[in-house]
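Colleague: Could you take me through this model and set each label you use against its cut-off?

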Amino acid sequence: MKLEFLGTRGNIDARTRRHRMHSAMKVSYYDAEVAIDCGEDWLGRVEGWRVDAVVVTHAHPDHAFGLKEGAPCPVYATEASWQTMETFEIAERRTMPKREPIQIPADGRSDPITFEAFPVLHSTRAPAVGYRVTAGRVDIFYVPDVAWIEDREAALSGVRVYVGDGATIKRSMVRKPGDVIIGHVPIQTQLTWCRKLGVSRAIFTHLGSEIVEGDERVLGAEIRSLAEERDVDRVDIAHDGMEVVLR
């Protein structure tokens with residue numbers, strides 16, 4: 001499995017050469033290629049994407065609004081996300097079920113990539129999911145916006161790499177305006193989730209201003225220290241164009 005981080009910037013004004021585009025990631029396995037998310041920064045640019053499908057985590061602008069004018073391939077999203085994306089000019093719409101593995105591409109190819117959507121708490125207006133992604137012998141979990149994973153043990157058990165929410169390092173952005181928590185849990189807490197479920201590697205994307213505007217060498221050292229305290233062997237801050245090959 002190959003991961004390519006097409007964009008790593010969260011819903012912030014700040015941007016740099018390393019973090020220029022809204023967070024999106026391409027997963028490849030032999031001839032199969034699937035992109036996850038397509039935020040507003042990508043509007044008018046997706047025609048150049050050569051992928052079998054785009055899979056959407058949720059319908060916030062920085063994750064889905066690059067698809068307003070259509071896509072060159074099928075788009076998979078949950079029913080809740082399609083309600084927000086109803087007016088988008090997408091020709092091939094696929095509904096992504098929750099907790100049911102779906103193979104993409106679905107054309108009988110011998111090397112598809114499997115996606116399983118896990119509900120997560122992040123926003124009540126744009127309900128989100130994270131994806132357990134399987135190709136060959138490798139499983140990863142991708143969740144760029146998260147306050148809580150509802151079935152965390154099933155989502156993360158046996159996962160090779162956790163790709164998570166880089167909004168903040170230690171400061172919680174979780175709120176509870178009603179009965180449900182929303183927002184962003186910090187990297188520190190997500191690394192604790194990894195420790196509890198034996199995930200040895202983490203990569204953080206969808207980066208907030210703290211990292212994008214900060215000194216990544218200093219902040220990277222801080223994050224590595226948090227990982228070491230939690231027995232997570234490796235942690236990385238993703239950047240646009242970063243590639244990771246998992247065998």
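Modeller: Cysteine 73 is buried, with a relative accessible area of 4%. This is a predicted model, in which local features need pLDDT of at least 70 and side-chain atom pairs count only at pLDDT 80 or more, while totals for chains, interfaces and linings use all residues. Residues are numbered from 1 along each chain as its sequence is written, and side-chain values use heavy atoms, with hydrogens and water left out.

Colleague: Why is cysteine 73 called buried?

Modeller: Buried means under 20% relative accessible area, exposed means over 50% and partly exposed lies in between, with a 1.4 Å probe and protein chains only; cysteine 73, at 4%, therefore counts as buried. Cysteine 38 is buried as well, with a relative accessible area of 0%.

Colleague: How do you know that the sulfur of cysteine 38 is too far for a bond with that of cysteine 73?

Modeller: A disulfide is a pair of cysteine sulfur atoms within 2.5 Å, whereas the sulfur of cysteine 38 is 8.9 Å from that of cysteine 73, its closest cysteine sulfur, and so too far for a bond. The structure holds zero disulfides.

Colleague: What makes phenylalanine 118 and phenylalanine 141 an edge-to-face aromatic pair?

Modeller: Rings of Phe, Tyr and Trp (its six-membered ring) pair if their centres lie within 6.5 Å, and planes under 30 degrees apart count as stacked, over 60 as edge-to-face and the rest as tilted. The structure holds seven aromatic pairs. One of them joins phenylalanine 65 and phenylalanine 88, edge-to-face at 5.5 Å centre to centre with 85° between the planes; both of these residues are buried. Phenylalanine 118 and phenylalanine 141 lie 5.8 Å apart, centre to centre, with 75° between the planes, and are likewise edge-to-face.

Colleague: Why do you say that the pair of phenylalanine 118 and phenylalanine 141 ties parts together?

Modeller: Phenylalanine 118 belongs to strand 8 (residues 113-121) and phenylalanine 141 to strand 10 (residues 138-142), so the pair ties together parts 23 residues apart in sequence. Strands (E, at least two residues) are DSSP runs, numbered from the N terminus, as are helices (H or I, at least four). Phenylalanine 118 counts as buried at 1% relative accessibility, and phenylalanine 141 is buried at 0%.

Colleague: What makes you say that the charged end of arginine 152 sits over the ring of tryptophan 148?

Modeller: A charge sits over a ring if NZ of Lys or CZ of Arg is within 6 Å of the ring centre and within 35 degrees of the ring normal. The charged end of arginine 152 is 4.7 Å from the centre of the tryptophan 148 ring and sits over that ring.
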